[in-house]
Amino acid sequence: MALTFPRVSGTRLAVAAAATAVLAVGAPAAYASLEDDSPAGAAGPAATSTVARGKPFTETRLFFGTERPDGGPAVTDKQFMAFIDKEVTPGFPDGLTIQDGRGQWRDSNGRIERERSYELILLYPTTEARKRDRQIEEIRSDYEKAFAQDSVARLDERTRVDF
C-alpha cells in the first residue's frame, strides 16, 4: 500500500507564516503591557483586554543551596536565617518569602548534586529594578562567599501586584 500526502499550496504556507509572525510579534507586546500604568478604560492595549489589577512589580526568586562543595558542614536553618536577617531584611524591610526546597543541579565536574535548599522570593516595584538589581547581586555574592557556594540561582519575572 502506498502512502500519499496532500499537497500544501504556496498560499497555505504563506498564511501559516503570516499567522506565526503575528503571534511572535504579539507575545512581546502583551508582556510589555505589564508596565502599562494607564487607568482602566483608557485607550490602549490594556483597554481591550481584561482589566489588570495591581501595579507593575518585579518578582525575583533566589535559590540557595546548603551543601558545601568543599565538603564542609551543610548550611543550617539557623545560619541561613541569620544571613537573611543581616544581608536581606535591611534592604527589603517591607517583606519577603522563604520556602524550603530540594534541588539538584550539575556541578562543574559534571556530577548531579542534590541538596536541601531555600527559595527566597522578593517583590518590588518595577521602577526600582535598577536599584534592587545591585542589592540582589550583592546578596548572591555574599552568600556564595559566606558559605563556599559555586552559585546562587536567580529568576526575575515581571508581574502585577495588589496588596
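**Burial, rings and a pocket**

Reader: Why is Ala-148 called partly exposed?

Author: Ala-148 has a relative accessible area of 32%. Buried means under 20%, exposed means over 50%, and partly exposed is in between, using a 1.4 Å probe and protein chains only. The value of 32% falls in between, so Ala-148 is partly exposed. Before we go on, please note that this is a predicted model, in which local features need pLDDT of at least 70 and side-chain atom pairs count only at pLDDT 80 or more, while totals for chains, interfaces and linings use all residues. Residues are numbered from 1 along each chain as its sequence is written, and side-chain values use heavy atoms, with hydrogens and water left out.

Reader: Where is the place of Ala-148, and what does Ala-148 touch?

Author: You will find Ala-148 in the loop between helix 3 and strand 4 (153-161). Helices (H or I, at least four residues) and strands (E, at least two) are DSSP runs, numbered from the N terminus. Not counting residues up to four places away in sequence, Ala-148 touches Arg-68, Pro-69, Asp-70 and Tyr-143; contact means heavy atoms within 4.5 Å. Ala-148 also has a positive phi of about 50°, although it is not a glycine.

Reader: How many helices and strands are there in the protein?

Author: The protein has 3 helices and 4 strands, and from the N terminus on they run α-β-α-β-β-α-β. Of its 163 residues, 22% count as buried.

Reader: What makes Thr-126 count as buried?

Author: Thr-126 has a relative accessible area of 19%, which puts it on the buried side of the cut-off. Thr-126 sits in the loop between strand 3 and helix 3, and it touches Pro-56, Phe-57 and Thr-58, not counting residues up to four places away in sequence.

Reader: Is Glu-119 buried or exposed, and how do you know?

Author: Glu-119 is buried, with a relative accessible area of 13%. Glu-119 belongs to strand 3. Its contacts, not counting residues up to four places away in sequence, include Leu-62, Thr-97 and Ile-98. The C-alpha atoms of Glu-119 and Thr-97 are separated by 8.0 Å, although these residues are 22 apart along the chain.

Reader: How many aromatic pairs does the structure hold?

Author: There are 10 aromatic pairs. Rings of Phe, Tyr and Trp (its six-membered ring) pair if their centres lie within 6.5 Å; planes under 30 degrees apart count as stacked, over 60 as edge-to-face and the rest as tilted.

Reader: What kind of pair do the rings of Phe-64 and Phe-83 make, and why?

Author: Their centres are 6.3 Å apart, within the limit, and their planes stand at 65°, over the cut-off, so the pair is edge-to-face. Phe-64 is in strand 1 and Phe-83 in helix 2 (residues 77-88), so this pair links distant parts of the chain, 19 residues apart. Both Phe-64 and Phe-83 are buried.

Reader: What about the rings of Phe-64 and Tyr-143?

Author: Here the centres are 4.7 Å apart and the planes are at 70°, so this pair is edge-to-face. Phe-64 lies in strand 1 and Tyr-143 in helix 3 (residues 129-146), so the pair ties together parts that are 79 residues apart in sequence. Phe-64 counts as buried at 0% relative accessibility, and Tyr-143 is buried with a relative accessible area of 0%. Phe-64, Phe-80, Phe-83, Tyr-118, Tyr-143 and Phe-147 form one aromatic cluster.

Reader: Which residues in the largest nonpolar core touch the most other members?

Author: Of its 17 residues, these are Phe-64, Phe-83, Val-88 and Tyr-143. Strand 1, helix 2, strand 3 and helix 3 each supply at least two residues of this core. A nonpolar core is a set of buried Ala, Val, Leu, Ile, Met, Phe, Trp, Tyr and Cys residues joined through side-chain atoms within 4.5 Å.

Reader: Which residues lie nearest the centre of the largest pocket?

Author: They are Gly-65, Trp-105, Glu-113, Glu-115 and Gln-149, among 20 lining residues. On a 1 Å grid over the protein atoms alone, a pocket is an open set of points where a 1.4 Å probe fits, with protein on both sides within 12 Å along at least five of seven lines; lining residues have an atom within 4 Å of a point. Strand 3 gives the most to this lining, with 4 residues.
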